[in-house]
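Please consult the sequence and the model alongside the text.

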Amino acid sequence: MNNVAQLAFDVVVVGGGPAGLAAATSAAEHGKRVALLDDNPRPGGQIWRSSTNAPASRDAKYWIERTAQSNVQVISGARVFSAEASFATAETDTGLLQIGFEKLVLATGARELFLPFPGWTLPNVMGAGGLQALVKGGLPIKGKRVVLAGTGPLLLAVAAYLSEHGARVAGICEQAAWPSLAAFGLATLRFPAKAREALMLRYKSRDAKYWTASWPVAALGKDRLEAVAISRNGSVHEIPCDYLGCGFHLTPNTELAHMLGCRVEEGFVATNELQETSQLGIYCAGEPTGIGGMELSVAEGRIAGYAAAGFQEKAKEFFPVRARYRGIAEAMKSAFRLRPELAKLAKADTLLCRCEDVPFGRVQTHDSWKAAKLHTRCGMGPCQGRVCGSAAKFLFGWNVDWNRPPVFPVRCSSLAQMQGVGPAGKVGREATTRPEPKPKVG
Ligand SMILES: Cc1cc2nc3c(=O)[nH]c(=O)nc-3n(C[C@H](O)[C@H](O)[C@H](O)COP(=O)(O)OP(=O)(O)OC[C@H]3O[C@@H](n4cnc5c(N)ncnc54)[C@H](O)[C@@H]3O)c2cc1C
C-alpha cells in the first residue's frame, strides 16, 4: 500500500517552468508558505530542462537559484491529476500527496501539437521538442541525419540545439508561407533581444536548409524511419533521415483549469488583469493563457505570485512588461496559423489514436469527440487524448475539452486511496466564481 501524505500551504503552484518558478518565488518572498509541484525530476519546465544539474541559461540560473533561496517547498516528481476547490491531489513515486491551499496558481505550460500523416507512428518519428528533450536526456545524436517539420519558432530552437550537439540537420520544413514569416520577423524587431536570439539560432543551424510553405506528407521506412516525403512548391521531395522531429506549434495544458471550472475562451484560460481565473483564488500564468514565450510566462508568473500573496500593487508593476510581450504572442498566433492542407494528410488507415490503435477513417464517421470516444475508444488510452484529442480539434473542429479526474493515468492504488481521504488540513476555501466585470458604459 502506498503512503498518503497530507500537507497544506498558503499558495500552491502547479508547474515548475518559468511561470511557476516566478509565481512561487514572488509569493514566497512576500511571506507566504508556498509549495511548487512539478512532474519532472527537477524544476525548469520545457525550456530550462537540463541534462545536468547545472541550469541551462542565465535566466534559468537566476530563477532556479532565486527559488532555492526563497522558502518555496519544491516537490518534484509530483503529477497533479485531480484538483478541487481547496486541495489538489498528486501522485509521486512514493504514493499519494494531498495538498491544501488558500490560493492556487496553475502554471501547467503547453505541449506540442501533433497532426497525423501516413507513417507518423514509425519509430524515430517524434515531436521536435520531444527529440530535443531526449537528446538533453542523453540520446546520442552526433552524426545522425535529422529533418524538422511543422511550424513555429520551436523548430529553429531545436535545429540549433541539435546542430550544436553534432546532428546533421538536413532541413527545417515550415508550413507557414514566406510573407507570414516576414511579418513575424518585422514584429520581432520591436524586441531586439528576441530578434538577436532568432538570428543566433539560425546561425547555429546554418547548415540546415529552411523551406517555407513546406510540410510532411509521409514518413517512409519499413521497420523504422528511413526518409520523409515533404510537400514543397507543389511537388513532393524525399529526404533520407534517421530522425524526424515534428511539431505543429503548441497547445495549452488546460485540463486542471477545466476541472476547477475556470472559464476557457478559444482554448485558453481566461484571467483578469491580476491573472486570476473566473474562480476566486485560482490564478493561471504562462502558456495556458496564451502561447507567448518565456518572458511572457515569467511576467505573468510574477503577477500571479504577487497577487496570490495579496500584493496587488507590486503585481501591477509588471503589467507593462506583460503588455509588451503579449505583442509577441499575437504575432506568433497569426504567423503560425495552420494551413487547411494539414487537415487532409491522414488516410483512412492512418492511426489517429496511437494509444488505442484507432485509425482516422473510424473516427471520421462520427460527429463529435464524445461519440468518437464512445464508439472507438479514441482518446481513452494512456495519453488521455492529449495527442489525438488536440489533433481532432484541428481536424474536425470538435470540442474536446474534458474535466474529470484523473487528468493523467494513475495507479489503481492511488484512485482507491483518493476515496475517503479528505483535504489536507482545514484550509476553509470554498469554490467561488469571480463576478464578471460590469460592461463599460459610454
Ligand atoms: C516540448 C517543448 C519544448 C520547448 N523548447 C523550447 C526551447 O528550446 N526554447 C524556447 O525558447 N522555448 C521552448 N519551448 C517553449 C517554452 O516552453 C515556453 O516559451 C515557456 O517557457 C513556457 O513556460 P511555462 O512556465 O508557461 O510552461 P512550461 O515550461 O511548459 O512549464 C510547465 C511545467 O508544468 C508541468 N506540469 C504540467 N501539468 C502538470 C501537472 N498536472 N502536475 C505537475 N506538473 C505539471 C510541466 O511538466 C512543466 O514542467 C518549448 C515548449 C515545449 C512544449
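A salt bridge is taken here as a side-chain nitrogen of Lys or Arg within 4 Å of a carboxyl oxygen of Asp or Glu. The model is predicted, so local features need pLDDT of at least 70 and side-chain atom pairs count only at pLDDT 80 or more, while totals for chains, interfaces and linings use all residues. Residues are numbered from 1 along each chain as its sequence is written, and side-chain values use heavy atoms, with hydrogens and water left out.

**Salt bridges**

| Pair | N to O distance |
|---|---|
| Arg79 and Asp39 | 3.7 Å |
| Glu255 and Arg386 | 3.9 Å |
| Glu313 and Lys316 | 3.4 Å |

Helices (H or I, at least four residues) and strands (E, at least two) are DSSP runs numbered from the N terminus. Accessibility is classed as buried (under 20% relative accessible area), exposed (over 50%) or partly exposed (in between), with a 1.4 Å probe and protein chains only.

Glu255 and Arg386 meet through their side chains. Because Glu255 belongs to helix α7 and Arg386 to the loop between α12 (369-376) and α13, this pair ties together parts that are 131 residues apart in sequence. Glu255 is buried, at 7% relative accessibility, and Arg386 is likewise buried, at 12%. Together with Arg111, Glu255 and Arg386 form a network of salt bridges.

Arg79 forms a salt bridge with Asp39. Arg79 is in strand β4 (residues 79-83) and Asp39 in the loop between β2 (34-38) and α2 (58-69), so parts 40 residues apart in sequence are tied together. Arg79 is partly exposed at 34%, as is Asp39 at 35%.

Glu313 and Lys316 both lie in helix α9 (residues 312-316), three residues apart, about one turn of the helix. Glu313 is exposed at 58%, whereas Lys316 is partly exposed at 33%.

**The second largest pocket**

On a 1 Å grid over the protein atoms alone, a pocket is an open set of points where a 1.4 Å probe fits, with protein on both sides within 12 Å along at least five of seven lines; lining residues have an atom within 4 Å of a point. The second largest pocket is lined by 43 residues, with Pro252, Glu266, Gly267, Phe268 and Lys333 nearest its centre. Elements supplying at least two lining residues each include α7 (255-259), α8 (294-308) and α13 (388-396). The largest share, six residues, comes from α10.
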